[in-house]
Amino acid sequence: MSDYNKFVTAINKVFDYLNKMKAGWNDQDNLNYIESIEEYKSVVVANANIFKTPQNQNNNKSTSLEVLGND
């Protein structure tokens, strides 16, 4: 299985579990947390193309990551 397929499978599982939790929970705080996670879905899907290109081409690209927990 390619890295791309592994990535897509993992992401699909994450968002499938989020949908199941969303359906099962009625607490508004938990639903808000799930919605804030789902905001990143488009970013994750857009960056799936990184795994489609050969690994040596990815090394030339510079990427930046958001720092979490420093609010």
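At what angle do helix α1 and helix α2 pack, and how far apart are their axes? In this predicted model, helix α1 covers residues 3–24 and helix α2 covers residues 28–38. The two helices pack at an angle of about 155°. Their axes lie 10 Å apart. Angles over 145 degrees count as roughly antiparallel, so α1 is roughly antiparallel to α2. The crossing of the two helices, α1 and α2, is left-handed.

Residues from both helices form the contact. Helix α1 contributes Phe-15, Leu-18, Asn-19, Met-21 and Lys-22. Helix α2 contributes Leu-31, Ile-34, Glu-35, Ile-37 and Glu-38. By class, this contact of α1 with α2 comprises 6 nonpolar, 1 polar and 3 charged residues.

The largest pocket was examined next. It holds about 160 Å³ of space. Its lining consists of Phe-15, Ile-37, Tyr-40, Val-43, Val-44 and Asn-47. Of these lining residues, 5 are nonpolar and 1 is polar.

Terms used: Residues numbered from 1 in each chain as written. Predicted model: local features only at pLDDT ≥ 70, side-chain atom pairs only at ≥ 80, totals over all residues. Heavy atoms only, no water. Axes fitted to C-alpha atoms, helices over the stretch in contact; angles between N-to-C directions. Helix = DSSP H or I, 4+ residues; strand = E, 2+ residues; numbered from the N terminus. Parallel < 35°, antiparallel > 145°, perpendicular 65-115°, else oblique. Left-handed = near helix turned anticlockwise from the far one by under 90°. Contact = heavy atoms within 4.5 Å. Nonpolar A, V, L, I, M, F, W, Y, C, P; charged D, E, K, R; others polar. 1 Å grid on protein atoms, 1.4 Å probe; cavity = no way out; pocket = protein on both sides within 12 Å on 5 of 7 lines; lining within 4 Å. Points joined across faces, edges and corners; volume = space filled by probe spheres on them.
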